[in-house]
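Reader: I would like to go through this model with you, one question at a time. Please give the cut-off behind each term when it first comes up.

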Amino acid sequence: MPLLKSSFTLATAFLLFSLFLPPSSHARDVAVQAGSSHDVANMGTAKGPLLAQAAENPDERAPKKALDFFADGVESLDMQDFQAAERSFHQALALEPENKEFQYYLAVAYSRVNKDDRALQIFESLLEKDPKNYFKAYFDTAAVYSRQGSYQKALDALNLAEQAEPTSARVFIEKGYAYKNLKDYEQAIHSFNRAKELDPKETQLVYYMIGAVHMEREEFNNADLMFKKAVEVAPQTPLGQSAQQTIPHAERAAWARKPWYLTTTLNWGYDDNVPRNPIEEITGGPVSGGLGKSDQFETFVLIGGYKFLNRKDMEIGAGYSLFSIGYRDWTENNVTSHSPHAYFQGNFHPVYFRFQYDFSYFYAGGKKQGINPPVYLTFANNSYAKLRMHSFAPTISILEAYDLRTDINFSYQIKDYLDGVTGDASRYGADITQSYKIPGTECYPRVGYRYAYEQSDDKSSIYRYHEFFIGLNTPIYWGITGDVSFAYMLTDYPEFSVPVTDRGDDTYTLSVVLNRYLMERLLLTFNYLYIRNVSDYYQDRKDLYTFNKNMYILSLTYTF
């Protein structure tokens, strides 16, 4: 048994790098890997004498013996050609059907090709016939059940192993995995500590796994402590290096799980064609056309709130958002909004759902305070109440196989204009985005579609649009992340003028974004936008709605 424990510890150390996948996947994978890794790790030890015997016959023309087929099967296992291994072990057993070692390796091959019932039948038979020499079959049995998600059955098999060898450290390591998968965290910690008592050589692994348990139960300070202890034991081992890399994740997870949230953004920008109707664009409408004038502008955004329910799988919170945009010269285009909000979020991997309600109050206009003031923001000073809006926004994100991700967003807005001029409106919108992570890179191409329809008491403001977009997000150099996207929007205004005349616009948008963190949680962003709008509507023989626009925006965002 000393050989068994030593091989297991080494194999497990290399397998634990995958531990911090999403909780619904990594726990099972680690348990399965730990349970089955011993067999592969020990095959070199087990097969040595047998392969030596198989090589003693130099006459390659002679009929193969059972050991020859067995050697072929073990080699196929090493090469991870499990179907070939299964065939070779069958051929070996055809010649020596009572050879228990051949039976064991056939069961291992069965487990690799998901013939679990056959594998379990052989493992159980070997434990009945020769439990002392095939004690390892308990771990293989537990590994099969863990892979199936039958964690209680895996634990039952390990309890039998404990009865057979109550001083085996590996039994308690494996029981720790099983209890962790069953979410019985106290028993998991107890089992890992018991393994350390039985074999001090398992100390680093035990500290690491207890840290993993604390991470899963969201006790991040305890997790941080245990990972640091794992590093102190042997910092240069693969497991020690993995623990060192995990410590920042624990610290960031503790920060992310705080009950309050607060983010602020300050922008400076230049627009060479200031919009006619900025509120329309801010609330999700199509580009409203340009005044043909350029101007500088600043925006300020503050979003904060508190999470009344703050669990890993569910959040409920409420907060407040402040948005303000101010122009240096065209102060009549200034907009400020106050928006209390409430939300529910469910994190049910691989599906994530969020529903948010916002009540927004918009003020428009402003008065220039001086000659070229350094701050253009007026925060609704000298403004008038423009719009009261209710927004309902459910969103769904789905993490799919092969690093695919689907994001689906819906929105419904009720717009109640307060200026006595603009007609009230309601807007419906939906979009879907499919993104993909290119294997071996951090590049994320995406493609999507967006649709919106707004019904208004002002017939000329009724519109619907279809938008198609593609994009790519990728790291560049020096910590800079780049994002480039292109969008085409087709907008129809069915009753744009009297007598009834429709208007159709084709809008092309190119966006380039560069991001870099100057320090932790302080993000610097540069954004360039080019917009080309082509309209088919003429008024007095003039095309007032075909225009080009360039925008340059520099932003600083800090998340508290």
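**Questions on the predicted model**

Author: E86 lies in helix α4 (residues 82-95), where helices are DSSP runs of H or I with at least four residues, numbered from the N terminus. This is a predicted model, in which local features need pLDDT of at least 70, side-chain atom pairs count only at pLDDT 80 or more, and totals for chains, interfaces and linings use all residues. Residues are numbered from 1 along each chain as its sequence is written, and side-chain values use heavy atoms, with hydrogens and water left out.

Reader: Is E86 buried or exposed?

Author: Buried means under 20% relative accessible area, exposed over 50%, and partly exposed in between, with a 1.4 Å probe and protein chains only. Contact means heavy atoms within 4.5 Å, and, not counting residues up to four places away in sequence, E86 touches L106, A109, Y110, V113 and K115. With a relative accessible area of 9%, E86 is buried.

Reader: Which residue lies 7.5 Å from Y179, C-alpha to C-alpha, and 24 residues apart in sequence?

Author: Y179 is found in helix α9 (residues 169-181) and, at 13% relative accessibility, counts as buried. Leaving out residues up to four places away in sequence, Y179 touches D184, Q187, A188 and S191, among others. The residue 24 positions apart from Y179 and 7.5 Å away, C-alpha to C-alpha, is L155.

Reader: Against which helices do the buried residues of α12 pack?

Author: In α12, the buried residues are F220, A223, D224, M226, F227, A230 and V231. The expected span of a helix is 1.5 Å times one less than its number of residues, so the 14 residues of α12 (residues 220-233) should span 20 Å, which agrees with the 20 Å between its end C-alpha atoms. The buried residues of α12 pack against α11 and α13 (238-256).

Reader: Why is the ring pair of Y477 and W478 classed as tilted?

Author: Rings of Phe, Tyr and Trp (its six-membered ring) pair if their centres lie within 6.5 Å, and planes under 30 degrees apart count as stacked, over 60 as edge-to-face and the rest as tilted. Y477 is exposed at a relative accessible area of 58%, and W478 also counts as exposed, at 70%. The ring centres of Y477 and W478 are 5.9 Å apart and their planes stand at 50°, so the pair is tilted.

Reader: Over which residues does pLDDT stay under 50?

Author: pLDDT is the predictor's confidence in each residue, from 0 to 100. The protein chain averages 87, and 88% of the residues score at least 70. The stretch where pLDDT stays under 50, for which the model has 116 contacts beyond four places in sequence, is residues 1-59.

Methods:
Helices (H or I, at least four residues) and strands (E, at least two) are DSSP runs, numbered from the N terminus.
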